[in-house]
2 protein chains.
Amino acid sequence: MSEEDADRDEDDLERVVAEVRDRVDPAAEERTRLREVADRLMDRAEAAATELCADADVLQVGSTARNTWISGDRDIDIFVRFPPELDRETLEEYGLEVGHATLPDGHEEYAEHPYVKGEVEGFDVDVVPCFRLESATEIRSAVDRTPFHTQYLNQRLDDELAGDVRVTKQFLKGIGVYGSDLRTQGFSGYLTELLVCEYGGFRPLLEAAADWHPPVELDPEEHGRVSFDDPLVVIDPTDPERNVAAVCAAENVARFQHYARAFLATPRTDYFDADDPEPLTEAALREHLEQRATTSIAVRFDAPDLVEDQLYPQLYKSLDGITNGLDDRGFDVFRATTFADDTAVVFAELAVSERPAVERHEGPPVHVRDHAAGFYDAYADDPDAYGPFIEDGRYVTERPRSFTTAREYLESDRLFDVGLGAHVETALEDGYEVVVGTEIAALLDEFGTELAAYFEPRP
Amino acid sequence: MSEEDADRDEDDLERVVAEVRDRVDPAAEERTRLREVADRLMDRAEAAATELCADADVLQVGSTARNTWISGDRDIDIFVRFPPELDRETLEEYGLEVGHATLPDGHEEYAEHPYVKGEVEGFDVDVVPCFRLESATEIRSAVDRTPFHTQYLNQRLDDELAGDVRVTKQFLKGIGVYGSDLRTQGFSGYLTELLVCEYGGFRPLLEAAADWHPPVELDPEEHGRVSFDDPLVVIDPTDPERNVAAVCAAENVARFQHYARAFLATPRTDYFDADDPEPLTEAALREHLEQRATTSIAVRFDAPDLVEDQLYPQLYKSLDGITNGLDDRGFDVFRATTFADDTAVVFAELAVSERPAVERHEGPPVHVRDHAAGFYDAYADDPDAYGPFIEDGRYVTERPRSFTTAREYLESDRLFDVGLGAHVETALEDGYEVVVGTEIAALLDEFGTELAAYFEPRP
């Protein structure tokens, strides 16, 4: 590349980033309004908290506290800290009391502690109790750690870096890997902030990521003392025993690397737009089925009524269990996925959907006399069994198979022998449907987008 | 089992063995005739040999020399021994001269040396030259060893044991494991004789074999000094570095164990009858195809014009190569075999005979930047490829398969990429036919018996 080309690319990238920054930076008015609402709620919370416990204090956490929120985000997180001498029960009681005083129209939810959630002037507000500890290593539950994160980052994120955090978050959203929820298994906000701090901005992060060789290990405070088996390891600056990127799947690390390279090569704003594919049409589905000549098969059932962080691990487990079950019986799974809305679906595309009417059954080596004789006698007079004959020194017989088609297998009770999440198992017990081949079209109404993503896969 | 039952079984067994012995023991007249013919030929050979070389001598070897031949066998093996000082060329020249003098109507054949073969009064006679050595460890070719075997066994086989050798040979023939040729890969005559000597008779051999735990190691002279990786090891009493049972396949050792147990449990004369199955009828074939719902497929070609000891290793190699080729492309081989007469056939039964139109193609891990980018760029714009997408940190694409049916594969030039014997490869180059499913019926005329053995398998 000539110097001139390099300069032009540089200009392109800076122009694109500036354009995105315009989009994601909250305007002055938005900042002021958020500040006003947050301050008012903090005052209210503090008054209520100190009335219950003189030692309590209140602080704002999360991206709106760290100046790293993306324009339009409307989350205000208020943490109420109580001294560690308090017992947990009292903490929860006080926490809820402060929450209701702060958010008179709020309702209770339950994460690690119960807390109060409500809407105030268009903002989504959480009021969460926690213990005030000397260091993050003493925490009793994950929420106790949050204030330390905010404190750490507030010391390091200047306006320039905070702006780069916003751009990075938007990039990660655009490529579909933002969020440490158990469905996405991607990059959390805190992880994004640490990475931007560590590499010194959006662009240096992308340049570094483009060359990563997982496992990638970062330890901003150089205090790590545990080793992790994850593709990306970022030791929490506030807790040497924690990998902030523990939930981030290898697939998402690779995806980030792929798009980092793609963006650096050709900077374009559309990498920042999370565009779901158009729902697959029935005609397009039929064309894929024909062109691939695989057998699509799906188990569909009512989605268990769970939050996503509980539902998806169960769906992923069921996906593993069912695909292993199919593979074990010789119905070779070509590719598979799972998705959920009102109904949930485990979808598999099979390279082999029919097997012969017989299967091999290998007996013991002939020399293991008693065991071998027992095997021989069991099948010698079985009118349905071929053999026993001898292969490689063992008895072998060929018997009728239980299932000759994948549909028969999935419709049988043997489906319940595979690893399924508990709630998925219950849902299946209540009934399920198996659809095969062109019957898959019945899923298009609910899952056209998911099927488009499946049949037109992108990195 | 009561003592009375045990006694009755004992009686049954003795009765059956006595009956078989009657059948296999050569009558006095047969012995006399053989002795007369053999002596006459030996005299003729000796006269011719000593005329050429004063130090030469002549001896009879093989089962007719050791009194272990089965009634009706008509082989007379005459070895002409020359002093080891003779060069090989002269040995061969003298050998043929003596052969022709002994068998004026004989013709030359070639094994380790050229030798003369002919028929005399209904006997098949071989006149073979060899070197006369001090010990079997000095041998220059396998035939030099033979006189030592005869000498060793003549010292050990009394009439009783010789009779048991005949019964044992007939038993091994009956169950299909007699012969050290490379088609059968079973028990040679010499091996049978050593086993009967070692265990002290037919019945003790069967009782021992019923309890064998391969690898079984016997060393009659306790002079073995090499270890062998064979299921049955019998160190040659005349050569400590040789396993007499080297050619005996694990399958045949197991088969012998199986039938030893079966015969001891229920002594019957039919174990001594090698009864080929009735040729399979077309109706029976169709019934098997339907009942098994596998896909039978065969490659048929003109059998190369080779002796069995050269042909079968090549067929077995081709069988391995072709079944591996099928398996590698996802056409799961369920069971397979090979057979030959005028034509030769590699026959495979497939559990999977069709594959999808696409196949997975795994690229490098995304982090191997140059290699990964090359892979991505190669398929990103390929209209026939799905993806690339990312799975487990790697690029994956799905491309059209070369072959979607096993027939297409076997009919393609890719068949020549697998390991085939040289002569089989040449034969295939001259042309071959692929038959599938019910077309297999075309093989029944030539291979009805082989297909019966395949579809009605026995130990």
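A salt bridge is taken here as a side-chain nitrogen of Lys or Arg within 4 Å of a carboxyl oxygen of Asp or Glu. In this predicted model, where local features need pLDDT of at least 70, side-chain atom pairs count only at pLDDT 80 or more, while totals for chains, interfaces and linings use all residues. Residues are numbered from 1 along each chain as its sequence is written, and side-chain values use heavy atoms, with hydrogens and water left out.

Between chain A and chain B there are eight salt bridges, and in a salt bridge between these chains the side chains of Asp211(B) and Arg369(A) meet at 3.1 Å, N to O. The contact (heavy atoms within 4.5 Å) draws 48 residues from chain A and 48 residues from chain B. About 4,200 Å² is buried between the two chains, 56% of it on carbon and sulfur atoms, buried area being the accessible area (1.4 Å probe) that two parts lose on being put together, summed over both.

Turning to chain A itself, the unreviewed UniProt entry lists Ser63(A), Arg66(A), His149(A), Lys169(A) and Tyr178(A) under "binding site", in the numbering used here, though such annotations may be inferred rather than shown by experiment. His149(A) has a relative accessible area of 9% and is therefore buried, whereas Tyr178(A), at 23%, is partly exposed; buried means under 20%, exposed over 50% and partly exposed in between (1.4 Å probe, protein chains only). Beyond residues up to four places away in sequence, His149(A) touches several residues, including Arg66(A) and Asp236(A), and Tyr178(A), with its neighbours within four places likewise left aside, is in contact with residues including Lys169(A) and Phe187(A).

Conventions
Chains are lettered from A and ligands numbered from 1 in the order in which they are written.
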